[in-house]
Amino acid sequence: MDTYQREWLTECTSSPGIFPGLPSPASGDARLGSITPESSTNTTLYSPGSVDQQALLTELECHICCSLPIRPVTTLCGHTFCQSCLLRTLDHNGACPLCRHSLGRYADYVDHQPNRALVALCEALFPNQMADRHAAEAAEIQQRQLEVPIFVCSLMFPTMPSQLYIYEPRYRLMMRHCLQASQKQFAMCIPGPPSAKIGVGYGRPDPAVMDYGTMMEIKSVRYLPDGQSVVQVRGIYRFRLLSYAMRNEYWTGRLERLDDVDKLEVELEHLNMPRQLMLTCRQFIQRLHESKAPWLINRLEENAGPMPTTPEPFSFWMATVLPIDMYEKYKLLETRSTRERLRMISEWIEKLQTSMFFSNSCNLM
Ligand SMILES: [Zn+2]
Ligand SMILES: [Zn+2]
């Protein structure tokens with residue numbers, strides 16, 4: 001018991017009428033942890049000299065998880081829940097789960113200080129149960145870190161920044177779990193192609209998640225008043241999923257990192273083949289700027305940042321800004337050769353330059 005808890009308990013137990021059943025602090029802390037359940041059925045709850053431990057336990061429990069509260073938060077309406085339980089309900093609804101009172105801004109509960117009096121009381125009266133609760137929570141966090149959370153959303157590439165708008169309850173939960181972890185990362189995958197759901201590949205299970213993806217690092221999170229959030233992320237590396245399963249309402253998986261086998265560390269301009277390719281790409285981007293829809297490429301460049309000068313990030317930058325079908329771009333994630341990726345991009349550009357869209361609508365040719 002720390003100094004704060006000791007002082008608080010001294011104050012409570014010396015004030016008549018607050019917890020009259022609690023033993024005097026002068027009798028020693030050992031007694032606080034050894035209160036026995038009231039044996040006499042005629043004894044009034046909290047009668048002097050005794051405490052019905054089970055009744056007190058029930059009073060203190062979080063009404064959502066029905067356990068002693070971890071980081072208890074008392075709401076505007078006076079109800080108290082574990083912080084994680086409360087945030088989970090707020091993912092779905094902004095009202096108190098007990099009395100339906102509006103709870104105000106979600107962000108206020110993210111940084112909310114726990115109800116210290118309740119923490120002290122629980123730790124003092126139920127040390128064993130609280131130790132079990134803390135151990136269970138630590139084990140759960142450790143277990144979660146054995147697998148990587150998977151955000152099934154859009155195609156991302158290493159080194160590329162992006163901004164995500166998190167509104168689905170399952171991904172709000174996932175983001176909180178990511179932020180609790182030592183490495184604030186998650187895996188970004190795309191869903192299986194629609195063709196898989198209309199009979200192509202008959203006899204095989206629909207792939208809910210494509211096998212290759214990009215590990216993302218969370219750079220910052222900005223909560224909106226209702227708990228939805230805007231998250232700034234950046235791609236770190238590519239991976240292949242070894243296995244995945246639905247846990248905690250979202251997908252989690254085990255994966256292996258993928259790197260290029262022919263990593264080209266030199267500047268693009270010092271390579272013959274990529275140099276020509278880079279020139280082609282620059283000319284193509286320039287044409288997009290001069291087209292009838294320059295806002296399109298401006299917006300893409302704004303999001304993707306300036307064009308890199310080294311081959312690997314350059315290939316991912318081009319893949320990000322080119323208006324190509326997502327499942328076509330996905331092939332780049334599987335490719336372990338920078339040269340091969342650059343060749344694929346070159347082919348896309350050729351197709352785009354001859355397509356109806358660019359020759360007619362954008363007046364490129
Ligand atoms: Zn709870
Ligand atoms: Zn309430």
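**Exercise 1. In which loop does T159 lie?**

Solution. T159 lies in the loop between β3 (148-152) and β4; helices (H or I, at least four residues) and strands (E, at least two) are DSSP runs, numbered from the N terminus. The phi angle of T159 is near 75 degrees, a positive value in a residue other than glycine. T159 counts as partly exposed because its relative accessibility is 31%; buried means under 20% relative accessible area, exposed over 50%, and partly exposed in between (1.4 Å probe, protein chains only).

The conventions are as follows. This is a predicted model, in which local features need pLDDT of at least 70 and side-chain atom pairs count only at pLDDT 80 or more, while totals for chains, interfaces and linings use all residues. Residues are numbered from 1 along each chain as its sequence is written, chains are lettered from A and ligands numbered from 1 in the order in which they are written, and side-chain values use heavy atoms, with hydrogens and water left out.

**Exercise 2. Describe R100 in the terms of Exercise 1.**

Solution. Begin with location: R100 is found in the loop between α3 and α4. Next, take the backbone: phi of R100 is near 65 degrees, again a positive value in a residue other than glycine. Finally, R100 has 48% relative accessibility and therefore counts as partly exposed.

**Exercise 3. Characterise the site of the zinc ion (ligand 1).**

Solution. Step 1 identifies the donors, which are N, O and S atoms within 2.8 Å of the metal (3.2 Å for Na, K and Ca); water is not among the atoms, so sites may look incomplete. C62 (SG), C65 (SG), C82 (SG) and C85 (SG) coordinate the zinc ion (ligand 1) at 2.3 to 2.4 Å.

Step 2 concerns geometry. The four donor atoms subtend angles of 104 to 113 degrees, so the arrangement is tetrahedral. Four donors count as tetrahedral if all angles lie between 85 and 135 degrees; four count as square planar and six as octahedral if opposite donors are over 155 degrees apart and all others between 65 and 115; anything else is irregular.

Step 3 turns to sequence. Along the chain the donors follow the spacing C-x2-C-x16-C-x2-C. C62, in the loop between α2 (53-60) and β1 (72-74), and C82, in strand β2 (residues 80-82), are 20 residues apart, and the pair links distant parts of the chain.

Step 4 is accessibility. C62 counts as buried because its relative accessibility is 1%, and C82 counts as buried at 2%.

**Exercise 4. Which domains supply the lining of the second largest pocket, and where does the pocket lie?**

Solution. Step 1 gives the volume, about 480 Å³. A pocket is found on a 1 Å grid over the protein atoms alone, as an open set of points where a 1.4 Å probe fits, with protein on both sides within 12 Å along at least five of seven lines; lining residues have an atom within 4 Å of a point. Grid points are joined across faces, edges and corners, and a volume is the space filled by probe spheres set on the points.

Step 2 examines the lining. It has 21 residues, and M156, P161, S162, N303 and T320 are the closest to the pocket centre. Elements giving two or more residues to this lining are β4 (161-166), α9 (294-304), α10 (311-321) and α11 (326-329).

Step 3 locates the pocket. Domain 2 (147-258) and domain 3 (268-361) both contribute lining residues, so the second largest pocket lies between them; the domain bounds come from an automatic or database domain assignment.
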